[in-house]
Amino acid sequence: MSFLPYGVAAWLFVIGLWGVVSSRNLVRTVLCLTIVQSSTYLLLLGIGYRTGATAPIVADVPATSKLVDPVVQVLVLTDVVIEATVTALLLALVVQAHKRFGSVDPADLRQLQD
Amino acid sequence: MTHLSALPVLVPFLAGPLLVAVGHSAPRWFNDSVGALSALAATTICVLLAVHAAPHPFPYWVGGWRATHGMTIGISLSIDATGAGLAAFSGLLVTAALTYSLRYFEAVEGLFHGLMLLFMAGMMGFCLTGDLFNLVVFFEVMSAAAYALTAYNIEERAPIQGAINFAITNSIAGYAMFLAVALLYARTGALNMAQIGAALDGRHADPLVIVAMTLLFVGFLTKAAAVPMHFWLADAHAVAPVPVCVLFSGVMVELGVYAVARLYWVMFAGPLGPHADAVRAVFAGLGVITALLGATMCYLQRHIKRLLAFSTIAHVGLFITGVALLSEKGLAGAAVYVIGHGLTKAALFMCAGVLLHRFATIDEYDLHNRGREVPIVGVLMAVGALLLAAIPPFTTFMGKSLLEEGASGAGYNWLIVIYIAVSAVTGGAVLRATGRVFLGWGESEGPETPQHQAAQEDVDEERGPREHTPVLMVLVPAVLLVGALVLGLIPGAVPGMERYAAQFIVHANYRAWVLHGAHVSLPVLPASHISGSDYGYGAIATVGALLVAGLGLTPSWSAPQPRSALGQRLRAVVVGLRTLHSGHIGDYIAWWSAGASAIAGICLITLR
Amino acid sequence: MTVLQIIGLVFVAVGGGAVVFVSEPLRQTIVLGFYGIALTFVFFTFQAPDVALSEIVVTGIGLPLIILAALRKIRQHEELRRQREGKE
Amino acid sequence: MSRPVRLGLFVVSGCGLATVLVLAFIGLPDFGSAHELYGAVVDYTENGLRHATDVVTALNFDIRAFDTLGEEFILFASVSGVVLLLRQLRGEDEDAGQQKGIQEHAFAGASDGLRLASLVLIPVIMAFGAYLVFHGQLTPGGGFQGGIVLAAGPVAILIAGRYLAMKAVAPKRLVESADAIGAAAYALIGLGGLIFVGVYLKNPMPLGTPGHLLSAGMMPLNSVAVGLEVAGAFLVTWSEFLDQTLINSPGGGAGE
């Protein structure tokens, strides 16, 4: 059972990639990317968790009590910001792609390839 | 001097927002000068840092959180000559690109300059940082700016498609790196690269460490466009604005190789030390595949920017083999080659930019004989092509000779054949284009392909052909080419690189100066000399390039009719290769996954 | 490992699959919202309130507005083109 | 590649990838037994060193502030990218919109009840956002979370059906400047460290009493800078996207 968080992380990574590979709609591709990314949140937070520990807020806990690892949480915070911003950038690209190609199917987006 | 350490990142981080905030109402000269001057300032600081760190590399603890007893909680900028030198090189190319773009196109409201500066800050932070997570953060800074810059010409179709493929592939590469950081953090309880290296030392490399390593390497090699994670590159490099291409091909891609080298020797050389032979074989193989595929695809292109993009893939393959040799010769060769190639490729893209600017097309056949109007650009392109072919005795040749020495030193003599072939084919492809465009040699009509139409579509969007070419647009590539010609000839430059490389590959060194503030001095090496056989190989490559160009310009050869069985098979291979580069992001990610799992699988099997 | 964590993780695993396998983008956006809530819940059970707060503001406010606007834009282009084709 | 070939390739390589990941994850310590040195050291020394009660914020805005600097500029670069990418489209669409004459408001499906609720909610949203920004070092939250909530305020005005009112409350140039100023301010606060105490991003300010609003040195300032940037960034992004949907739609204003 203690493997569950890591297993879910691996599952999300691979299933998200499946979505990206199989997608016929770029909006869906972008949303699947966020699933791939969320696997990294679970893995990071999973490795920083300690059974019975409390959140890393030291205001109202005795100094001796166990705290979870705050470092991984900081890494995930950065990760979440990257998710939000890159998704916005990608969706702007997709909107433009639709304008230029008249389609959001990746199969219709071919220019230089022959 | 050490106080300057954070400034290469800080200067563009202050100038970028300034340009974005006031650029829309400021006059053009303001945006141009703030952009170019801050790039120049950051470059100068990097040069100063490189000079200062050359004898004794040093860490700079951001926020004053120094290491105590080899334990860190803060982030270090770990500054040595290699990192700061590469940062300075990227700054130099950004300065050159911004200078070139003074006359190249109308930039929008300071956003172009602002994003270029952020891109530079990302590259510089990437080169200087000593913290693994911070490295990934700066990778993302660089990427976010690069995605937007790729799609700069939103009124055309191809840039949008190229940017989407670029952004999705590189984002996934980033996620793989996040997983790797998590794995290594769980194992070592550290994020500082030196400290991770120390913690991994002396332990058996179990699957966790090996997979973490391959995920990191696959991530950075995606940026470096190693096969089969390379598909995004040609799509993006062929369509980004020329000043941006200069940076992509000239330095961004090479940074991926730099990161692999850095991480290997700082973190993984300890646990994988007993498996050095297997590491060498796996990554040299990857480099060779990349080089051969890149060279083949390069020769098959008629869209000149795309041709140059594939030549970059071919050369990255060579750099990967150089690093994979795991010797100071190989690494020094790759470093010298990166500088020579970066300057040359930047100049070649700028020449392509002149053609696009003047004739509003970048198709080799459309441009047939039209280059006669700008003969000087033809000269520049020919010089660039010969430099790509590593003509003796210039910088790229120096790099290639070192690679060859490294290869024979490691018992990989057959790599020399690859080096010669790749130099000859990529140089020859550019020479072929030069001959057709500037001298009117060869046929003027090529087979009708979608690529041809894409190259022509630019005609409607650009403001049509122009009568004049600004002097600056010829001057900047000329200066870069002069740099590529003379840098390797400066006495002491190449041997100096060898010494830095020798320092770079000593696993324990980095840790000593980062974590314990030790003074690490440069090793003294026996003076290496270029032997007669190196000149022989160089001559073969140059002649080979001329032959390849000649073949490409001979009518009966340029459109191979499948007469013989061999011809038919060759044609099938060509068609197959072209179909692989389909432009479909689903294909690219399927290949990416295949590459990642294959590399990880091979490493798991061979490095146990 | 607590029961709440297990429940949360199962929801995340199922939700992630659902986001991938729902093919209609608008419905997918809604599923993504639920997925975000499940993730937020897991982050709380992992004692990461800072992260949970970030996740909920991003998937609750930040992204949906952008995704919906992008989808709407795409639909409008399509209608516009259909009208134009109809006229010709 | 045809679709079946592509999917087939991925089925094989995806299984490979899953195997590789699981093999690696097996080497991880059991869930719940985290013992990373870095985290433990920070957990037990932070409060004494930096007087912040939220250890995550202390890492975010002080100990690993350089990461956050990079993160802010990922955000800034992306938003600049969104503005760059949607620029042409907006120019084209605004012409079309002006011909039709944009009316005050237009948001699909906004009933009167929803509008009223939004208007009531706006002050609450803004207050909550400000709270998050200013209490970063004390409680969960901080500049990033608070910034998004703050940005949601003006957007609530939009949902309330006051498109032009939103433009009046949050004009484009001002919002873009907030984004840029916030990003630059974070970098400048770090410069304060370099000038006053000799190291970039080192805390130059008094640490104060743990638990107080103005404690933990430069963290509140950094939090405000980030809050300003994030609020600006999300407002810019949303209005870039929403501008388009609102103004250009076949047959008049959206959803009418």
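Predicted model: local features only at pLDDT ≥ 70, side-chain atom pairs only at ≥ 80, totals over all residues.
1. Confidence in chain B. The average pLDDT of chain B is 89, and 95% of the residues score at least 70. A stretch to treat separately is residues 457-462 of chain B, where pLDDT stays under 50. For these residues the model has eleven contacts beyond four places in sequence.

2. Overall form of chain B. The C-alpha trace of chain B spans about 70 × 65 × 50 Å along its principal axes. Its radius of gyration is 23 Å, which agrees with the value near 25 Å for a compact globule, because that is what the rule gives for 608 residues. Of the 608 residues of chain B, 68% count as buried.

3. Secondary structure and contact range. Chain B holds 24 helices and two strands. Among contacts in chain B with a separation of 6 or more, 82% join residues 24 or more positions apart.

4. Helix H13 of chain B. Which residues make up this helix, and how far does it reach? Helix H13(B) runs over residues 328-359, 32 residues in total, and reaches 46 Å from its first C-alpha to its last. The span expected at 1.5 Å a residue is 46 Å, and the helix is close to that. As for cover, 32 of the 32 residues of H13(B) are buried. Just after the helix, Ala360(B) takes a positive phi of about 60°.

5. Contact between chains A and D. Here 39 residues of chain A are in contact with 44 residues of chain D. On the chain A side, the elements giving two or more residues are helix H1 (4-22), helix H2 (26-47) and helix H3 (70-101) of chain A. H3(A) gives the most, with 16 residues. By class, this side of chain A divides into 27 nonpolar, nine polar and three charged residues.

6. Contact between chains D and B. This contact takes 53 residues from chain D and 60 residues from chain B. On the chain D side, two or more residues each come from helix H1 (3-26), helix H2 (37-50), helix H3 (55-63), helix H4 (65-100) and helix H8 (172-197) of chain D. Which helix supplies the largest share of the side of chain D that touches chain B? That share, 17 residues, comes from H4(D). The side of chain D that touches chain B has 33 nonpolar, eleven polar and nine charged residues.

7. On interface size. The size of an interface is often given as the accessible area lost when the parts come together. The contacts above are given as residue counts instead, such as the 39 residues of chain A and 44 residues of chain D.

Terms used: Residues numbered from 1 in each chain as written. Chains lettered and ligands numbered in written order. Contact = placed C-beta atoms within 7 Å. Helix = DSSP H or I, 4+ residues; strand = E, 2+ residues; numbered from the N terminus. Nonpolar A, V, L, I, M, F, W, Y, C, P; charged D, E, K, R; others polar. Expected span 1.5 Å × (residues − 1). Buried ≥ 20, exposed ≤ 12 C-beta atoms within 10 Å, placed from the backbone. pLDDT = per-residue confidence, 0-100. Rg over C-alpha atoms; globule rule 2.2 N^0.38 Å.
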